[in-house]
Amino acid sequence: DLLRAVLSRPLLLIASTIAIVVIMFATRPQLAPVDLPERVWPVEVFAVEQGDEQPVLELFGEVVAGRRSELRALVPGSIVEVGPGFREGGFVEAGELLVQIDPFDYRNNVAEQTALLAEAQASLETRRRDLARVRELYAENNISEQALDDAQLAVEQQQATLEQRRIGLERAKRALRDSRLTAPYAGVLSGVSVDLGKRLGVNDKVADVIDTARLEVFFTLSNAQFGRIIESGEQIVGRAIEVFWQVGNDTLSYQATVERVGAEIDSTTGGVVLYATIDPDTQTLLRPGAFVRVRMPDKKYPQVFRVPESALYGSDTVYVVKDNRLAARTITIAGYAGDDVLFTSRIEPLVRNGDQVVITQIREGGEGVKVEVR
């Protein structure tokens, strides 16, 4: 009996523990289920309309001189006169005097060559009269044939001398003209390096003249941009662009036309260099070396939708709002316009004109999510 009593105590303890646990589970408080309200996400929307789009490329470029001439002295001498516009940055008209080299020696040379030409002309007339008399005597057999030949040779030699005098006179006149250095066309002077009284040698530099009516802007298109326009079949040469020059707080705008494509690929950017001619304006403030902003029309995209890039989920999905819930639409991206996406919709269900496309990125974005348009 003692052994039975000892063995029964653990069993009694286990049974008591089980009974207590059962009682506790049976008497624990019951939690009633609570129905949480569905979360509503505030979103912004953009009403889309299908149409043709042509984005604008925002680029940067530099103004260069379309025509620039280096002016040098053509004859030696001292400068005795300078034109009123002959100064650094001065504007000159075509044919306007820049510098006058002392013309004294050149005028005297013209006079001397003129006198020599007149002398040669008179001598030729004398030789011709002599030849006429010799021919008469030869016809009468009063002189030899050798005398006739000598008279004819004298005339020919004097004709050659006369031609040399004419050439000498033309050279003297040209040297006199070259003593007066004038602007070859209207433009702005740069690099003025001489002044009154300075003696010039042949080929000494005087100044540069920049044709402000033929300024160009060069800028670079990336390979992707260049290829996109070419692949579309559109022409790059002849395309109108806008040029903007920031001067202090003012922005000056100019119209330009793409004239040519650079001969080489830009080694620093790997892009294609374009040159555009700025519409002529001889009195423009624009100067070579100015850095400018360029706006150029990109490829045309026919019949596309345009939305902010924030409307894109993944690579091919946007959401429209239907009955205050998100409805997914699969799209095909056609291109970009700045921060906007251009796309087409060809997979059912389609994006249609007037659809409200969500442009707010939400973490829980997905089919059927409830939203509130704000």
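For a compact globule of 374 residues you'd expect a radius of gyration near 21 Å, yet the protein chain here comes out at 47 Å. Keep in mind that this is a predicted model.

What is the secondary structure of the protein chain made of? It comes to four helices and 24 strands. As for contacts with a separation of 6 or more, 75% of those in the protein chain are between residues 24 or more positions apart.

Here are some whole-chain values in one place:

| Property of the protein chain | Value |
|---|---|
| Residues counted as buried | 35% of 374 residues |
| Accessible surface | about 22800 Å² |
| Share of that surface on carbon and sulfur atoms | 52% |
| Distance between mean positions of positive and negative charges | 4 Å |

Now zoom in on one of the sheets. Four strands make up an open sheet, ordered S9-S8-S6-S11, with antiparallel pairing. Which strands sit at the edges? Those are strand S9 (180–182) and strand S11 (199–200), and each pairs on one side only. In general, strands of a sheet pair through backbone hydrogen bonds, either parallel or antiparallel.

Further in, strand S6 (residues 77–82) and strand S8 (residues 97–101) run antiparallel and are joined by three bridges. If you want a spot to look at in that pair, Glu81 stands opposite Gln100 in S8.

Conventions
Residues are numbered from 1 along each chain as its sequence is written. This is a predicted model: local features need pLDDT of at least 70, side-chain atom pairs count only at pLDDT 80 or more; totals for chains, interfaces and linings use all residues. Side-chain values use heavy atoms; hydrogens and water are left out. Helices (H or I, at least four residues) and strands (E, at least two) are DSSP runs, numbered from the N terminus. The radius of gyration is taken over C-alpha atoms; the globule rule is 2.2 Å times the number of residues to the power 0.38. Buried means under 20% relative accessible area, exposed over 50%, partly exposed in between (1.4 Å probe, protein chains only). Contact means heavy atoms within 4.5 Å. Accessible areas come from the Shrake-Rupley method with a 1.4 Å probe; for residues, only the protein chains shown count as cover. Lys and Arg count as positive and Asp and Glu as negative; His and the chain ends are not counted. The place of a charge is taken as NZ of Lys, CZ of Arg, CG of Asp or CD of Glu. Two strands pair if DSSP finds at least two bridges between them.
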